[in-house]
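The sequence and the structure are shown first.

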Amino acid sequence: MSGSRQRKRSEIYVGLMSGTSLDGVDAALVDLRSRPALLGTAYMAYPRALKSALLALQSSSRDELHRASLAGIHLSGLYARTVNRLLRKYRLAPGLVRAIGCHGQTVRHLPASGYTIQLGNPALLAERTGIPVVADFRSGDLAAGGQGAPLVPAFHAAVFRSARVHRAIVNLGGIANITDLPPRGRVTGFDTGPGNVLLDAWIGFRLGQDFDRGGTLASRGEPIESLLGDMLRDPYFHRRPPKSTGRDHFNLGWLRRFAPGRHAVEDVQATLAELSARSIGMAIAEFCSGAREVYICGGGAKNTDLVGRIARALPRASIDSTIELGIHPDWVEAMAFAWLAQRRVKGEAGNVPAVTGARRSRVLGAIYSP
Ligand SMILES: Nc1ncnc2c1ncn2[C@@H]1O[C@H](COP(=O)(O)OP(=O)(O)O)[C@@H](O)[C@H]1O
Ligand SMILES: [Mg+2]
């Protein structure tokens, strides 16, 4: 069978996710013949220089179009190396992969201005892997009047919904988003605000660490209630969904407006963990009020301090990792982009209008052939 005929019969996809945490690239090899099955994974951390370049591009600065284009080229190189490593690891020929779903790296998310920007150079990624790439998943939803985010709720509904139990999913990335999965009726969801982004920013700023492993620093501190109260007054927490946010809003500059340097480093870390937990807890209590089972995914699932705080903020629900539903929390989002790529290839809608606020369902993404 020729390579292209083999590919057209394949339902194996690769999902690539690089989120607001700017930690690196998650790659998932997924069999999408029926219920999505994870065949393999690979992760590559961002090299220091790329991480700094991407961080600098989060706000406007000199010659940013040029620097953004170069960063996109570097990213596509790293994405290609991650895909090639994944395929080598599992001895799979590129011709057997139907497509790569590549989210790209968000450097601006400004739905109120009508746009969101993900860097990544998908044409170059297709060229370097020999595999078609689906990219630019968000702009179609924005064009239809939506936020372009979050996009993972459609996947959560496809794999985690139960016909009996009311569930909610919490994705603890840099930004946290929730998906409400009642057994019947509408699936909804939105970004609740910070997940790990402020935790990473503070420990990075004060101690030079990338993140608070296990939440150890936060667990040694005491939340400062007055500071927490001030932070919780941020209008984002009180806006009604549909809503989405990013580093454009929640970043080190946001945090420094509260003059956190007056307090002990561990107490601020505990306050920020409590901020993530309470904002998630409030959002679930208000918008997923019947949820009895809450499942956590994303890198923050490894932060036992944060997960404990979320559990305390939701005394009426059980809290578990998505591993209990068969998918390891580290790979849910990368799998979602493999699944969204398949939706694009099949010409099926990828957004949930009740989540993003779009006027209608849209087929999301653009295809770049090798
Ligand atoms: N062992 C750990 N302990 C605490 N936090 C962790 C751990 N591992 C990862 N994280 C957190 O998860 C983040 C990465 O999560 P991820 O789901 O990749 O987010 P994003 O989608 O925003 O990239 C890291 O920046 C860090 O804050
Ligand atoms: Mg990440």
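## Basis of the model

This is a predicted model, in which local features need pLDDT of at least 70 and side-chain atom pairs count only at pLDDT 80 or more, while totals for chains, interfaces and linings use all residues. Residues are numbered from 1 along each chain as its sequence is written, chains are lettered from A and ligands numbered from 1 in the order in which they are written, and side-chain values use heavy atoms, with hydrogens and water left out.

Domain 1 gives 28 residues to the contact and domain 2 gives 34, where contact means heavy atoms within 4.5 Å. The size of an interface is often given as the accessible area lost when the parts come together. Between domain 1 and domain 2 the buried area is about 2400 Å², and carbon and sulfur atoms give 55% of it; buried area is the accessible area (1.4 Å probe) that two parts lose on being put together, summed over both. In domain 1, the residues that lose the most area to domain 2 are Asp330, Val332 and Val355, together 26% of what that side buries.

Three salt bridges are found across the interface of domain 1 and domain 2, a salt bridge being a side-chain nitrogen of Lys or Arg within 4 Å of a carboxyl oxygen of Asp or Glu. A salt bridge also joins the side chains of Lys51 and Asp210 (3.7 Å, N to O). On the side of domain 1 that touches domain 2, the elements that give two or more residues are helix 2 (48-56), strand 5 (105-110), helix 14 (332-346) and helix 15 (353-356). Helix 14 provides the largest share of that side, five residues. Helices (H or I, at least four residues) and strands (E, at least two) are DSSP runs, numbered from the N terminus.

## The buried side of helix 4

In helix 4 (residues 122-129), the residues Pro122, Leu125, Ala126 and Thr129 are buried, that is, under 20% relative accessible area, with exposed meaning over 50% and partly exposed in between (1.4 Å probe, protein chains only). These residues lie on the same side of helix 4, because they cover an arc of only 100 degrees around the axis; the arc is that of the directions from the helix axis to the C-beta atoms.

The cover over the buried residues of helix 4 includes strand 1 (12-17), helix 3 (64-89), strand 4 (99-102), strand 7 (133-135) and strand 13 (366-368). Gly130 follows helix 4 and has a positive phi, near 75 degrees.

## Backbone features in loops

Two cis peptide bonds may be described here. One runs from Ala149 to Pro150, with omega near -15 degrees, and Pro150 is placed in the loop between helix 5 (139-143) and helix 6 (152-160). Another joins Pro241 and Pro242, with omega about 0 degrees; Pro242 is in the loop between helix 10 (235-238) and helix 11 (252-256).

Leu22, a residue other than glycine, has a positive phi near 60 degrees. Leu22 sits in the loop between strand 1 and strand 2 (24-31) and counts as buried at 0% relative accessibility. Ala259, also not glycine, has a positive phi near 50 degrees. Its place is in the loop between helix 11 and helix 12 (265-287), and at 36% relative accessibility Ala259 counts as partly exposed.

Thr356 lies in helix 15 and is buried, at 1% relative accessibility. Its side chain makes a polar contact of 2.7 Å with the side chain of Asp141. Not counting residues up to four places away in sequence, Thr356 touches residues including Asp141, Gly148, Pro150, Pro242 and Asn351.

Asp31 belongs to strand 2 and counts as buried at 12% relative accessibility. The side chains of Asp31 and Arg33 are joined by a polar contact of 2.6 Å.

Key. A polar contact is a pair of N or O atoms within 3.5 Å; within protein, one must be able to donate a hydrogen and the other to accept it, and residues adjacent in sequence count only if both atoms are side-chain atoms.
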